[in-house]
Amino acid sequence: MSITKINNIFHLSNTDMSYLIKIMPNGQLEQLYFGPTLALKEDDFSLLEHSEGKAAGTVKYAKNSSFTLADKHQECALYGTTAFQEASLEVTVHDTPHYLELKYLDYDTQKEKLSYSGPHVRLNDDAEILSLRLEDAGLQLQVTLEYVFFKKGKNISKRVLINNNGQHDIVLTRALSSTFWLEDANDYQAYHFSGAWISERQLKKYPLQQGSFKVESLTGTSSHQHNPFVAIAKKETTFDTGMCYGANLVYSGNFIQQIDVNEWNQARLMSGISPYTFSWQLKPNENFATPQTVLSFSQDGLNGLAQENADFISEHIISPFWTKRERPIVLNSWETYVFDFDENKLLTLAKEAVALGIECFVVDDGWFAKRNNDRSSLGDWYPNPEKFPNGLQVFAQKIHQMGLQFGLWFEPEMVNEDTELYRKHPDWIVEPPQGRHSYGRGQLVLDFTNPAVVENIFEQMSRIIDETQLDYLKWDMNRNLTEVYSNYLAKNGIRQGEFFHRYVQGVYQLYEKLLERYPNLLIEGCASGGGRFDLGILYYSPQIWVSDNTDAIARLDIQENTALAYPITCLSNHVSQVPNGQIQRITPLETRFNVAIFGILGYELDLLSLDEHSKNIIKQQITLYKNLRHDIMTGRFYQVLKRPNQHIWALQSPQIILVGYFSILADINQSTSKTFTLPFVDSQTTYDIVDNQTVSGSLLKYRGMPVPIALNGTNQETAALVGDFQSKLLLLRKH
């Protein structure tokens, strides 16, 4: 692993990756390469330095020069100085746009000088840092491009730090985190997640062609509609073959991922805070740091990219305390009682949970103040005296005495008008100074740009956490940010254009205050389901509620797509009621579990209404999950096959392979000789399967296993799959 500079070329490399940056003739920086490790010799650097001529139809950078930026891979993309795509960094001075001239100054590799505020890539002894300092001399603006990579892994993170060393205020109007370039854009297509509430992270493909394509959130969160992760892959890429690249932002607010393809068939991906809702004033001697973008690649198809992402997130984003730690199996009270519960009802349900092997009992919405529906009490975080006449402390003690962990639901960022908090602090609400304002779920948003608001909510939550000795906290967020205006910012002379970024910083501040006081508290992220599923939240919450849609069939797409960008060890999956509460589909209990086992298992259904047969099935499911939990937490997830009516997943750990086969609708014409292969297995290994049978790795890898036989009208005695929404798990153990 090294950082070398030979002439005007920087080479960042480890055992798996190289990244090349060139100082161009005008002093700006150019990205030359990101991909598999290069074993460069001295003559190679001379070749990389070589650059002659000017692309046709372009503007000269200077009067007596043939140099132009038009077709150069600018590492920090600037607009207007012979390049005419949107910039990654723009500033104004006295409301006048300034055309930046960022020239290379020097570099630094010292980790000790780094500082972070908010979520970031976690450093360790294996980390290497390169900081490249640039300066606009006329404006006395210093810009540092920071790169972080590790001893192994096909990943590198990038961010930009901007320092105003001049005498005048400047305003940042664009401050993106990363620029990444590819040649031969037409050979690639972009992958991105689109969707909606209860339909998050639907994988879409977009062929790259001249023009611009962007994925963006303006909701105040990373959103249900889009996600900060995008991928670019060769068009022929499969699950297991092909070159592909990924980019993900360590951020939870409004973001943009934009791909521009120019007339030379060069693709440029820019990642960062959405400029549509962003501006930031820098007074003399002030600075601003963008969130980090994590770039990754794999030559081994989408599964290879998914595993690079999963490994990096597990090792460098998620808290080391939680990254491989087994998480408790929860029972959440919501689908059993909604708001209609009291202490006795909950204790009865908890006793049933203990009998089935549940490990953590979570009381969802409705436990606080006067909360009997979703129109009151948010912001007043004290126990509902009618539901808990003996106090929440006594109730929590009873839960703990059963051997269960105890969890509670919070929605810290929200407030209802019918609360003590609203009546006492109406100026703490995000709303315009005059005129109408929008409502979402009957609630308003607290102004988390105001430190006093964050402190108030922290103190309220801390009292409950201390009182109950809380083990698990579900942090929800159930509405978008609309008509944003902050009384706090106005009173302090801060631009309203800074609101969205400062709001996200306030959310991170509350997370940090909680985890500083309660370092072992398990906080599960949630935002009406998967509306804030991003690396920023994963830095604090090691697991996130994937979607409010718990239907097993809908979850197939949601979970497998999410696994392209995030490890399955952060996917919170619950076996829920049927008919499903979101889409009213009825699926077998077996299938609901078989989908949920690929992640963090939980239950959210009325155990008291189940017959003994169903309870016994759940008890067996929980036993199986506990036996496999370590393998799930440490294994690698693969998509093996995806067809309109069929999904096959696999998880491989050092000791086992767990295969999930899912059939959506009954197929009476399915061949009884159909097989599926597991390309990732070691052909030299032998595996044990049921009934003391063994199977060779070579058979699994090249010929394949038979798929479960579906009912075809004549094989009632041998069919393994009967009816719609069927599934089977196959467990293989190393012999």
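Q: What makes V59, Y79, F84 and Y99 a nonpolar surface patch?
A: In this predicted model, V59, Y79, F84 and Y99 make a nonpolar patch of about 430 Å². A patch takes residues with over 30% relative accessible area and no salt bridge, joining nonpolar side chains (Val, Leu, Ile, Met, Phe, Trp, Tyr) within 5 Å and like charges within 9 Å. Areas come from the Shrake-Rupley method with a 1.4 Å probe, and for residues only the protein chains shown count as cover.

Q: Why is Y79 called partly exposed?
A: Buried means under 20% relative accessible area, exposed over 50%, and partly exposed in between (1.4 Å probe, protein chains only). Y79 has 36%, so the residue is partly exposed.

Q: What makes R636 and D311 a salt bridge?
A: A salt bridge needs a side-chain nitrogen of Lys or Arg within 4 Å of a carboxyl oxygen of Asp or Glu. The closest N and O atoms of R636 and D311 are 2.8 Å apart, and the pair forms a salt bridge. R636 lies in strand β32 and D311 in helix α2, so the pair ties together parts 325 residues apart in sequence. Helices (H or I, at least four residues) and strands (E, at least two) are DSSP runs, numbered from the N terminus.

Q: Why is E411 called buried?
A: E411 has a relative accessible area of 0% and is therefore buried. Its salt bridge with R441 has an N to O distance of 3.8 Å.

Residues are numbered from 1 along each chain as its sequence is written. Local features need pLDDT of at least 70, side-chain atom pairs count only at pLDDT 80 or more, totals for chains, interfaces and linings use all residues, and side-chain values use heavy atoms, leaving out hydrogens and water.
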